[in-house]
Amino acid sequence: MTNANRYQSKLVYDPSRIHAAAVYCSDGRVGEHFDDFLQNGLSLPRYDRVALPGGPACLAGHTEAHIHEKGVIDEINFLVEVHGLERVVLVAHQGCAFYATRLDLPPDFMVHQQMVDLVKASRFIQRVTSIRKVDAYMLYLDSQGEGATPTVRFEEIRLTT
């Protein structure tokens, strides 16, 4: 039986830091996938999280996201100072409502824009913070056929030209 006013976590607290953060979309449908990828795919347990609609889009120069840009950079700089942050992982995801609604992009152009934005966001972070290690990934939903639940895959986006 659980008490709605109190919950005791079964996880052991580990005070060590890994000096990495992830910036990704706050879409709850893919939150566990982000955690799985970052913790198991990239071996980043206990990473610092910066989650907001559109994730890295707010650092790509979009007027529609400008209000979030300063806040996210302030948070990243805070994490650099207080947590010794040395690495940022940017993750965008297919089917992001931010791109469809706020940026009003058609579905066939969204992924292309997200890849462009990941490069822009990476360069912006490197320009305005002391962080030099920035990685970017795209989450794709792969259909397994009519009526089947899609699977999720992550692909690295090359940030160098």
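These legends walk through several close-up views of a predicted model. Residues are numbered from 1 along each chain as its sequence is written, and side-chain values use heavy atoms, with hydrogens and water left out. Because the model is predicted, local features need pLDDT of at least 70 and side-chain atom pairs count only at pLDDT 80 or more, while totals for chains, interfaces and linings use all residues.

**View 1**
Buried means under 20% relative accessible area, exposed over 50%, and partly exposed in between, using a 1.4 Å probe and protein chains only. Helices (H or I, at least four residues) and strands (E, at least two) are DSSP runs, numbered from the N terminus.

**View 1. Ile76 and its partners.**
Which residues does Ile76 touch, not counting residues up to four places away in sequence? They are Val23, Leu59, Leu85, Val88, Ile125, Thr129 and Ile131; contact means heavy atoms within 4.5 Å.

**View 2. Ala65, tucked into a loop.**
Find Ala65 in the loop between strand 2 (48-51) and helix 2. Its relative accessibility is 1%, so Ala65 counts as buried. Leaving aside neighbours within four places in sequence, Ala65 is in contact with Ala57, Cys58 and Phe98. From Ala65 to Met138 it is 73 residues in sequence and 19 Å in space, C-alpha to C-alpha.

A disulfide is a covalent bond between the sulfur atoms of two cysteines. The rule used here asks for a pair of cysteine sulfur atoms within 2.5 Å, and the count comes to 0 disulfides. Cys25 is buried, with a relative accessible area of 7%, and Cys96 counts as buried at 2%.

**View 3. Two residues with positive phi.**
Most residues other than glycine have a negative phi. His19, however, has a phi near 65°, and Asp104 has one near 55°. His19 sits in the segment before strand 1 and is partly exposed at 33% relative accessibility. Asp104 belongs to the loop between helix 3 and helix 4, where its relative accessible area of 63% makes it exposed.

**View 4. Thr149 in a loop.**
Is Thr149 buried or exposed? With 66% relative accessibility, Thr149 counts as exposed. Look for Thr149 in the loop between strand 4 and strand 5 (151-156). Thr149 and Phe124 are 25 residues apart along the chain, and their C-alpha atoms are separated by 36 Å.
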